[in-house]
Amino acid sequence: MTTLKPGKIIIISAPSGCGKSTIINELLRRGEIDMEFSVSATSRPPREGEINGKHYFFMTEQEFRDAIAADAFVEYEEVYPGRFYGTLRSEVERRCAEGHNVILDIDVKGGVRVKKMFGDKALSLFIMPPSVDELRRRLEKRGTDTPEAIAQRVGKAEFELGFADDYDKCVINDNLDTAIALTDSIIKEFIRQ
Ligand code: 5GP
């Protein structure tokens, strides 16, 4: 009989527009690292193309509140006003118990909280833009947001960047391939320990 080693937790946070999802998706696509994506619950409506159970478990606000009352979350945050996001115990605990590593894409407050909860069993990684000005330029170039929405995202990014020191490691996404390679090696090293 094989004894499975309990899995570890990899927390990734970043201001919006820093390429976090691209980096996570690329590492999962390569499949070199034994890690499974923890699908969060959210009370925000699905965006076009998002699949329930794959990108998020979509809930009404009432369902989300019931899940809080039932102690279904490891952590949860109201990331945007009226929009709740939470890490489900069922996603994390079963996978870890089976010996798999779990990757969490969560906001800065949730990230800091989960790191405190799991200590050395967790690696917290912060993806940063080269600068706030560069982040603004990228959001403008992407062209999906109004000037007001860009100003709001940039303001939030400035707030979120204040949490970078609370993370174990920071990766600056100046060049995507380099950022992916660095994230890959940091995670692999953590898992080997
Ligand atoms: P989006 O709505 O763009 O998918 O996500 C908005 C933010 O919510 C992102 O920063 C994402 O990392 C964060 N988020 C997603 N799931 C969770 C979660 O389970 N807990 C927390 N605290 N934040 C989450």
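Threonine 42 sits opposite phenylalanine 58 of strand S4 in this predicted model. As a reminder, strands of a sheet pair through backbone hydrogen bonds, either parallel or antiparallel.

Zooming out, the sheet is open and has 4 strands, ordered S4-S3-S6-S5, with mixed pairing. Its edges are S4 (57-58) and S5 (73-80), each pairing on one side only. Helix H3 packs on this sheet, touching S4, S5 and S6, and its direction makes about 20 degrees with that of S6.

Here are the residue ranges of the elements around the sheet:

| Element | Residues |
|---|---|
| Strand S4 | residues 57-58 |
| Strand S5 | residues 73-80 |
| Strand S6 | residues 83-88 |
| Helix H3 | residues 89-97 |

Now for two loop residues. Serine 43 is in the loop between S3 and S4. Is serine 43 buried or exposed? Serine 43 counts as buried because its relative accessibility is 11%, under the 20% cut-off. Leaving aside residues up to four places away in sequence, serine 43 touches Met59, Thr60, Glu61, Phe64, Gly82, Arg83 and Phe84.

Aspartate 71 lies in another loop, the one between helix H2 (61-69) and S5. What is its phi? Aspartate 71 has a positive phi of about 60 degrees, although it isn't a glycine. Most residues other than glycine have a negative phi.

Methods
Residues are numbered from 1 along each chain as its sequence is written. This is a predicted model: local features need pLDDT of at least 70, side-chain atom pairs count only at pLDDT 80 or more; totals for chains, interfaces and linings use all residues. Side-chain values use heavy atoms; hydrogens and water are left out. Two strands pair if DSSP finds at least two bridges between them. Contact means heavy atoms within 4.5 Å. Axes are lines fitted to C-alpha atoms, for helices over the stretch in contact, and angles run from 0 to 180 degrees between N-to-C directions. Buried means under 20% relative accessible area, exposed over 50%, partly exposed in between (1.4 Å probe, protein chains only).
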